[in-house]
Amino acid sequence: MLPYAAYLRVYEPLTAFAPPERSSWAAYAEATDRPRRAGALHAEHGEAVRRLLGVPPSPAPAQESPNAYLRRVEDVLYVCPWQSRLRSWLAFSRFRGSTPVRLMERFVPISVAEQTADDFDRFKRRGGAAALRTHIRTSTWHVPTSWFVPFDGNERWLVLDGEGDPEGTTTTRNLIYVTSMAHARRRCARALQIIRRQVGEVAVAAEVEEIARWLEEFHPHSLVELDYGGIVHLMGDDKLQGDQSVAEIAAALTGLENGEEELAYAMYQRVILRWRSIQLLESAN
């Protein structure tokens, strides 16, 4: 929902949902007025901006979003709910926990912050841990290195302005990867094995393990998508065309596995330096 953010999404098959949700999502897929893929990010961002510019600002929607991202593969419908309310609650909870009270007052009145926290607490008590499962992860100003691990370089879809995307629509520029849950889990498991055997319990291993655990929460026949989202607006066409971060991370892991440490280091550093230069734009004038 942020302008310069990337997204890691899980699309579950329609059969993974409980019967009432299944019927609702099936009807949603046939609706003619639902947000289409090409404008969905813009619609999400617009909703968030309107809430935050309100008086007083609203950190989370009053109701959960009825919208979802959809994919069809061989007549199977896959659904990734937006979960805008839950994701907003989680983001606000992290923000509130890391921001001093005096500074928090500049963003949201204390009464609004406390009400938002109370609403979230009631939701957690009612739904338990399972209710906190989100289908979408968001990263601002960069793509975390661990997000490249579940994918293969051949699963890359680059769309420049005016071109057709994988769903057959004309959209604005984007870079996405899509893979099966089985492939994603297998690649994460392999990466963890290689990193721990060759390097040990380093930070990147913990990050990959977190992604692997998250993927285990979903239906085994799901799809996993990495969407560069608004990050593409920080990269020119040449940079987008030259971005092979997924392939470079895969090459780094293969280099580690084969004892080619110099190759592994070179590939890993290429990715780190690329994304560090993009992330620095957050603090640029």
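Visitor: Which hand does the crossing have where H3 passes H5?
Guide: In this predicted model, H3 passes H5 in a left-handed crossing. The axes of H3, residues 84-97, and H5, residues 110-127, come within 10 Å and cross at roughly 125 degrees, which makes H3 oblique to H5.

Visitor: And which residues of H3 and H5 make the contact?
Guide: From H3 there are Leu86, Trp89, Leu90, Phe92, Ser93 and Arg96, and these meet Ala113, Glu114, Thr116, Ala117, Asp119, Phe120 and Phe123 of H5. By class, the contact of H3 with H5 has eight nonpolar, two polar and three charged residues.

Visitor: OK, switching to H9 and H10: at what angle do their axes cross?
Guide: The axes of H9, residues 245-257, and H10, residues 261-279, cross at roughly 155 degrees and come within 7 Å. Because angles over 145 degrees count as roughly antiparallel, H9 is roughly antiparallel to H10. H9 also passes H10 in a left-handed crossing.

Visitor: What do the buried residues of H9 pack against?
Guide: They pack against strand S6 (174-180), helix H6 (181-198) and H10. The buried residues of H9 include Val246, Ile249, Ala252, Leu253 and Leu256, and Glu248 is also one of them.

Visitor: How far does H9 reach from end to end, first C-alpha to last?
Guide: H9 has 13 residues and reaches 18 Å between those two atoms, close to the 18 Å expected at 1.5 Å a residue.

Visitor: And what comes just after H9?
Guide: Glycine 259 is found there, with a positive phi of about 80 degrees.

Methods:
Residues are numbered from 1 along each chain as its sequence is written. This is a predicted model: local features need pLDDT of at least 70, side-chain atom pairs count only at pLDDT 80 or more; totals for chains, interfaces and linings use all residues. Side-chain values use heavy atoms; hydrogens and water are left out. Axes are lines fitted to C-alpha atoms, for helices over the stretch in contact, and angles run from 0 to 180 degrees between N-to-C directions. Helices (H or I, at least four residues) and strands (E, at least two) are DSSP runs, numbered from the N terminus. Angles under 35 degrees count as roughly parallel, over 145 as roughly antiparallel, 65 to 115 as roughly perpendicular and the rest as oblique. A crossing is left-handed if the near helix is turned anticlockwise from the far one by less than a right angle, and right-handed if clockwise. The expected span of a helix is 1.5 Å times one less than its number of residues. Buried means under 20% relative accessible area, exposed over 50%, partly exposed in between (1.4 Å probe, protein chains only). Contact means heavy atoms within 4.5 Å. Ala, Val, Leu, Ile, Met, Phe, Trp, Tyr, Cys and Pro count as nonpolar, Asp, Glu, Lys and Arg as charged, and the others, Gly among them, as polar.
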